[in-house]
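Please read the following note beside the sequence and the structure shown here.

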Amino acid sequence: MFKHLLFFLLISASTLTLRAQVAEKAPADPNIKYGKIELSEFQIKPQGKDSAASAIKIFDKGDLKFEINNKTSDFRYVFTRHTRILILKKDAYDLADIEIGLYKRDTENEEILSGFSAATYNLDKGAISSAKLTKEAKFLDKFDKNITIKKFTLSNIQEGSIIEYKYEIRSDFLFTLRDWAFQGSIPTMYSDFTITIPEYFNYKKNIHGYVPVSVAASKTISQNFTGNLTGEAYSSDRSTITCQSTVQRYTARDVPALKDEAFITTLDDYRSKLELEIHSTKFPNSPYRSYTDTWEKIVSELDNDQNFGSLLRSNYGKTLASDIVGTETDPLKKLNKIFTFVKQNMKHNGEDNKYSQQTSLRQIIDKKTGNVADINLLLINLLDHAGLNSSPILLSTRSNGAHPGNPLISKFNYVIAGVTIDSNKYFLDATNPINGLNMLEFDCLNHKGLALDMKLKTAEWIPLELKNISQNALTYRLKLSPENVFKGMVYERKTEFNGLSTRQKYKESANEEEYLKSYKEDRNGLKIENFKISNIDSLSSPITMEYTATVEDMVEEAGNLVYFTPLLYERTKENPFKLEERNFPVDFGFANEETYRIIIELPESMTVDKLPKSEMIRLEDNSAFFSYVSASDGKSISIVSKINIGKSYYDPESYFELKELFKKIVSKQAEQIVLKKI
Amino acid sequence: MKKIIIICLALGFALSAAAQTNYDVSRISPELLKNANAVIRTDNTYFEVKSAGKAELRTLYAVTILNNKADEFASFYSTYDKLVSISQLKVTVYNSKGEKVKSFNKADFKDRSLISDYTIYQDDRVKTLTVYETSYPYTVEYSEVKDYNGILTYPRWYTLSSFNVSLESSKYSISIPETLSLRYKESPLTKVSEEKTDGKKTYSWHAENISAFKTEPMSTGLRELVPWAVLSPNEFEYDNFTGNLGTWTSLGDWLNQLNKDGDILNEATAQKVKSLTQGVSDRKKKIEILYNYLQNSTRYVSVQLGIGGFKPIAADKVAQMSYGDCKALSNYMKALLKQVDIHSELVVLKSEESVDGSLYTDFSSIGQANHMILCVPAAKDTVWLECTSQRMPFGYLGSSNSNRTVLLVTKDGGKLVRTPFYPASANKQTRVGNVTINASGASTANITTEYENEQFDDIFGQLFREPVDQKKFLYESLSIANPEILSYAYEQPDKQKPKLVEHVSLKVNDLTATGGDKLFLTLNLMNTRSYVPELSETRLTNFALQMSYSDTDRINYELPKDYKVEFLPKDVQISSDFGEFSVKTTVEGNKITYIRTQKMYSKRYPPSRFKDLVEFYKSIYKADKQKAVLSKI
């Protein structure tokens, strides 16, 4: 048995770090010749966990090389792909509809598809029959002015069909090359990607995921490029140049299908794939050019970018800033004034981006709407003009996936503002009017951000966890009547993220009546009077709610016994962790604590028969616990139930303990208080 | 009811953006602001038919957005394709005083293709624009002019279709040359006004001042409460085809013509059909064999281009490619049957999950339908075939096709018929659970559940999922606290019958709740009603129960040796026109048998009955929570 031990993937604060070693020896390659299907390939069965897979990729082979584009007189890459899939079940018929997206920026820079061929193979009484892709099964969809989607539909698809296709894409976009995913939604027997890169280019290669990928020792070959190379960068008097190119090959075998799980960021974060981003270029007649070598360089480039740095430096915001601030001198009050102004006057158009759509601050202000960068770069500019020390923080949202950590600009898709006042650090996101200081929406809770110092041209990773644990405290003070109806007061107090989500729900309801309607939706038998909610608009304070409650239909009787679950509506009824095992970390996004207190005054006619016992369970490292405390003096009962999830992120190793914790919560919170009628 | 004031005026229809643009918000009547997040100020449509295949559509629409809940009304889209072009498109934004803030023209709209998830190709495109404003209220005015170079349908008039939106004024007007004719169907709350001038006929509708309706649970919508009208051409020209949609008969005639000679098969396929059915004499068996052949040799791929949106791809082509859309596959199935001299007919219908997806019996138009299936008529045993599914049991239609009026495309033209109805007694979920209670640890439960007909629809997909996903689904759907699945299995005893059997064997850690030395056992193991809709004092819209069904749960509990039954809840029996519900519990030795039955009837009900439904659900909710108390011997 050869050893596959190529990549150990370590997880540290949601980043996948990578350690590579070189392969020893790989098993023989599968038969990869277009149109040559072996009878044995129809007999392939998926193995292990994927044994019921609806299809299996027999191989997926990619190749990426460079050539000269005579139209642009510059290099472009040629990406070739050849894939063979065995379709086992009807569910996988969609795989026979192939879609390829092509990007076009202008007439000079585009992606071109060529040489698409495809066929379906079926086994019919021991003989292989084939059906080629016909002309009328090719469709072109001009999605918008930049994106064209080419579609191909294969014919004669049945359970047991093998489909095969190959194509080439030529692309002028050399900043990032095509990603190669070794893992997909169906199991892959063999995935092979070879890149050949001329010495003029140097790319960063990032591998992600949990599947071993073997990297063969690189080879150097000599390549000739012929074409009309007019650029200053090349030896201009020759139409052919010769250079050394590096060939690197990546292979993965028996890759399982990737499946979704709960409490993750985005499934793509866990997929095994190779990403290539330009690092530097060195052409014969021009100096070495580094692209995103260091964070310092990235910051300098951002600083010069007209959709980023020049907006931060714009003087257009000066008057506006002083108008907003007025005579205020207290830094924190100035900060709040500007933050409020931007939130109230700019509307987020729903798009995430680290770059502004505009090149002037004036356009942003006039439009009153924009993407994340439009809004938050304006915010930073105004804060700066108000004399506050403000700087951008870049981040990658949960749905965009974790940033790998190394200097890589393309993985960021969001920018917020960071401000330091009296050595207190604040982060601000003005895209949602209900965001307070240090408050981010769930999708931004991806654990870390890159704080930029535009003056020193430096950057450092900072934690973007919510400063405090998000609390949800509920207190019920109720009196039980002899008719089994509870009456009394309910108080709720919600901080941090819990406050944000309540604000969001409240703001989204047409009015208070609608809000209460949805509040009561899963609280059958609850009547609410004298409802009061505070601090809806006071974003830095916890939300508090109180109301007079009448609770019916909660208590049951059996002979002279009366019983109910004291958690009333707040029971955790199901364990969110149901699967036996889990490979991915559990990523809650924020730390959370729910405290439930109830004090029940009993009627004269009842006494306590049985109370649930006090109990406590915690994770070994104390990072989460559940406690349950019951007490009674005979006339009244008090129960306090507390669930504390102290961290926003847990390693997969903690999964079992978390599952046990929630198992205890579900069973303990279901326990009944038993009263006896006298 | 004073809610609606409609004034229908016969007026010469003048429509221009300059006509009336005072969008000052203070002019809106307070009555219209109640419960409203938006007020439609103007909604004017003018459709001028120039000939059977040419028309111009002019639209002027203005809406005042009162708060952020109505932001969606500031998103606009206009669709077009090779037969419809947009010649003018404009959006203007006004502040609360009615002063112009900014405007957008056609070039500011984003242009993209309009492709639905299930379609691989269609030629429709859309231009979209979203207005973002930060201060409320504000008003957005939208106007467009479109040219039609092919007509199959006329725009409809619909005053209000959303809750929490009011309407100030809406006008609809259509004019056609005298040489053409149209038909319309209008709501009882409105009346058309007709006019004849210069060789043109004009039909107009008008409504004013309709106050917003509040959202209501289980509502069937505003259709009965607001004015509307639907229209259809008689004579038409579309993509080089002509026809008459005047009656369902003539509409069927046209579809018949479109499909002429579309059911001829090549020799190889004809031979295949012969060999498959050789020696089979039973007619129904033949249909079944060919249906299974269709299911195993084709797949669903949708391509909609021009007339291709209505005309099936020829059967021969389908045989060659082995794929097609609902029309192509239904027609292909028809061709297969024709080979063995079995006559069948294409069926045009509205396929959707709703209480009534029927075509209007008194109003024919092409726009009502969205699907095609096949009917194999017989004096007694008519067979209906849904041809796009590779797995649908033979002759089963599913809830989105059943129980509705559909159009049969016969050689004599279109004929309206009803598809089969699956009554409550057919849509069964039958469960038997055997549970052994363990007082100190995990109880065990073996549960077998049979799902039939429309209840089978929802669960059928489980059969084809991978074990990981099946298990995940089971864990998510089992409403039992802390279960641990020991084993499970799904089976479809007969591939040709809509019935699925699910066996689950469980370890349940918290089957009983403790209260000191007593055990509390919720008798309803896993079929619990947890939601009772809120009752509002002034309900206005009708409501409906979506599906007719009957559930039976029979759970046998074996008690721990040292426990006895201390208390059993009373039996329950409720009967109403919504349905029947009963619970019966018996004890024998150390065994409790719990039997729960629930039967519900899918029907529409008037608003006044909602309180009865809430009461009905409440009783079920209470009964489902009932517990037996067990105590130590």
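1. A crossing of two helices is called left-handed if the near helix is turned anticlockwise from the far one by less than a right angle, and right-handed if it is turned clockwise. The model is predicted: local features need pLDDT of at least 70 and side-chain atom pairs count only at pLDDT 80 or more, whereas totals for chains, interfaces and linings use all residues. Residues are numbered from 1 along each chain as its sequence is written, and chains are lettered from A and ligands numbered from 1 in the order in which they are written.

2. In chain B, the axes of α4(B) and helix α6 (residues 326-339) come within 10 Å and cross at roughly 140° (axes are lines fitted to C-alpha atoms, for helices over the stretch in contact, and angles run from 0 to 180 degrees between N-to-C directions). The angle makes α4(B) oblique to α6(B); angles under 35 degrees count as roughly parallel, over 145 as roughly antiparallel, 65 to 115 as roughly perpendicular and the rest as oblique. In handedness, the crossing of α4(B) past α6(B) is right-handed. Helices (H or I, at least four residues) and strands (E, at least two) are DSSP runs, numbered from the N terminus.

3. On the side of α4(B), this contact is made by B:Ile287, B:Leu290, B:Tyr291 and B:Leu294, and on the side of α6(B) by B:Leu329, B:Tyr332, B:Met333, B:Leu336 and B:Leu337. Two residues are in contact if their C-beta atoms, placed from the backbone, lie within 7 Å. The contact of α4(B) with α6(B) has nine nonpolar, no polar and no charged residues. Here Ala, Val, Leu, Ile, Met, Phe, Trp, Tyr, Cys and Pro count as nonpolar, Asp, Glu, Lys and Arg as charged, and the others, Gly among them, as polar.

4. Helix α4 (residues 283-297) of chain B also packs against helix α3 (residues 267-277) of chain B, at an angle of about 130° and with the axes 10 Å apart. This makes α3(B) oblique to α4(B), and the crossing is right-handed. From α3(B) come B:Val273, B:Leu276 and B:Thr277, and from α4(B) come B:Lys286, B:Ile289, B:Leu290 and B:Tyr293. By class, the residues of the contact of α3(B) with α4(B) are five nonpolar, one polar and one charged.

5. Chain A contains an open sheet of five strands in the order β23-β22-β21-β24-β25, with antiparallel pairing. Strands pair if DSSP finds at least two bridges between them. The edges are β23 (424-428) and β25 (458-463) of chain A, each with a single partner strand, so one side of each has no neighbour in the sheet.

6. Strand β24 (residues 448-453) of chain A pairs with β25(A) in the antiparallel sense over six bridges. Opposite A:Leu450 stands A:Trp461 in β25(A). Helix α1 (residues 295-304) of chain A lies across β24 and β25 of chain A, and runs at about 105° to β25(A).

7. Chain A is divided into domain 1 (7-290), domain 2 (295-463) and domain 3 (470-677), with bounds that come from an automatic or database domain assignment. The centres of domain 2 and domain 3 of chain A, taken over C-alpha atoms, are separated by 38 Å. Their contact takes eight residues from domain 2 of chain A and ten residues from domain 3 of chain A.
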